[in-house]
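Here are my notes for your read-through. Please keep the sequence and the model open beside them.

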Amino acid sequence: MMLIFGLMLLLQTASCLDRFCRFDQSEPCYAALEHKLNLQMVLDAGEYDLKLIKIINNRHNDPLCRVKNDKIKECDLYKDRPEMTVINGTLIKHVIRADSGNYRLELYDGGRETSRDLQVIVEAPIGSVEVSIICSSSGVVRVSCSSEGDQLLYSWTLNGDPLMDGDSSIYLGVGTDGNISCSVKNHVSHTQKTIRVKPCPGATIAPVTSTLTSSSTHTECVCSVSVEYVLVWCFQLMVLLGLLGGFHIYMRHTSVINGTVIINHVIRADSGNYRLKLTDSDGTETSRDLQVIVEAPIGSVEVSIICSSSGVMRASCSSEGDQLLYSWTLNGDPLMDGNSSIDLNKKTDGNISCSVKNLVSHTQKTIRVKPCPGPTTASVTPSLTSTSIQTSDYGLELNCSFNQSDPCYAALGHKLNLLMMLDAKYELHIKKRVNNTADYLVCRVKYDKMKECDLYKNRTEVTVINGTLIIKRVIRADSGSYRLTLYNSYGTQTFQGSLQIIVEAPIGSVEMSIICSSSGVMRVSCSSEGDQLLYSWTLNGDSLMDGNSSIDLDEETDGNICCSVKNHVSHTQKTIRVKPCLDVSLIALGCVALILILLFITICYVYKKKQLKWTPAAAELIYADISHENKNEKKKTESLPADVVYAPVKVRT
């Protein structure tokens, strides 16, 4: 029944992510990756000729789509996407990553033209939420929360009372007891998980002293134990306890917790079609179907370079895994996707990255490529050098411009250079939308001087130099939607552009911890300060599954594990050494067996010693003189010589 309820929750979560947006809204449109987006253009499609343009370079060759009478015509924007439809003036599509961007809708009605702008941001919805608890030796309880998805925001409650929001982990007192809930959300979805937290055990355990008290008895006891018997009994006990512990570990690979089936180790046989049947208390039965597809995750990625005699440099990428998808970047610029190899010019120089992903994992590798030697040279394979990213003060000085299509990310407390125009002779109006209303905060700029500036009032660190707005210290209030309008010397409007600014706190120091569980799993956790954290892992240089703040490894893992944390404004990492876990369960069982053996031997030894020293209370002792004496000497009974030896004699009855 718990399995049925858990699958129902998964199906309900997957079916409620359809999004609805309009071109007349002022805030950005957030769409759920791989789900439906209903984009309302007009209420009556028969009155207008529509032209939908995706703004990339503000040029005439930007991709567009023409719509008339609910029919798509001349559509370069959604070419080869048959799932796109228009119904009653609403564009309906299955969302992909490439749908992010700025769009302009142009309406033609009897020779009159109007336009509307809308920014679409695609986010991956929230996946399953995992919550873990760590009790430190310093008496602090750390509760960590992790999930898949984009732009994650965390909030916590303890017994229904809200705690401090914003971080993926939270610290509690050592005596905390109750139900703690982690709620994870972004702009397109929301989910949570509640677990029971109990007070941590004490840091030290008082020693326990067992006192053996022997009682006097009149029964004669003889305890005789052979060494061989003790060793055989000890061996049998340890084997029995080991088998019980191993069976307990095996049974924990699959469990049901809070209506969710958890398979700790998925196998190929888990693929298939599943049907969930629910039976209500009144006998009503409903069913839902779900297809489970098992894929092997991405292994290590290898990249090689070959220079051909025809003057072509071929970069090849290979990896293990199922349903591999390849993508390439050269010096940060994307190249053609889809193939495991790509041809470059022989003079190419820079860093080329091969990114390999499937539906369950994602990893990449970057190498340095240098120009090929002369055309007569045979194939050349350069040395592969993995690049590393480090946070620096210079790296947190970000640059944006009003003609870019994607959002502008700024680092909290650091510098932002916002390019408005190249010629400072224009008059500029910068407007910020406040509370999603028609009211704006305005700042007028002319000849690099700010006038009538309500937007940056009382902020001396904001200046304008050569048409660039410079904010030396970004604050949270700088987030928002901005619109820039340019006027020439005649007062004619020459340009208008929109920009979304998102402020994020940069990454702080990275902390890592390792826990070996009794189920045979080594869990490595990573935590850091900052906003919208994205985690990635490598073990001995090989990439592991990305996205979570903790990762489960085999208990025999040995090597260097690296946790890399990044967001849109900064990047840092930390590497620690991991060693194989000691099998805590077997050690505990062995200790119990050893204690029982020692206790058994001790009891036998005590009883045997007591038996040798035991004397009946009612017996009379008669002392006999067993020393030698001469026959001629008279027997002395008054006193006993000093060298007399005494021995107990039992009275016969």
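Which strand holds Val256?

1. Val256 sits in strand 18 (residues 254-257). Strands here are DSSP runs of E, at least two residues long, numbered from the N terminus. This is a predicted model: local features need pLDDT of at least 70, side-chain atom pairs count only at pLDDT 80 or more, and totals for chains, interfaces and linings use all residues. Residues are numbered from 1 along each chain as its sequence is written, and side-chain values use heavy atoms, leaving out hydrogens and water.

2. Val256 counts as partly exposed because its relative accessible area is 37%. The classes are buried under 20%, exposed over 50% and partly exposed in between (1.4 Å probe, protein chains only).

3. Asn38 lies in strand 3 (residues 36-40). Asn38 is buried because its relative accessibility is 9%. Its contacts (heavy atoms within 4.5 Å) include Phe20, Cys21 and Leu91.

4. The largest nonpolar core has 31 residues. A core is a set of buried Ala, Val, Leu, Ile, Met, Phe, Trp, Tyr and Cys residues joined through side-chain atoms within 4.5 Å. Leu416 and Tyr456 are among the members touching the most others. Strand 30 (residues 408-411) gives the largest share, four residues. A second, separate core of 27 residues includes Leu37 and Leu105.

Note on methods
Lists of a residue's contacts leave out its neighbours within four places in sequence.
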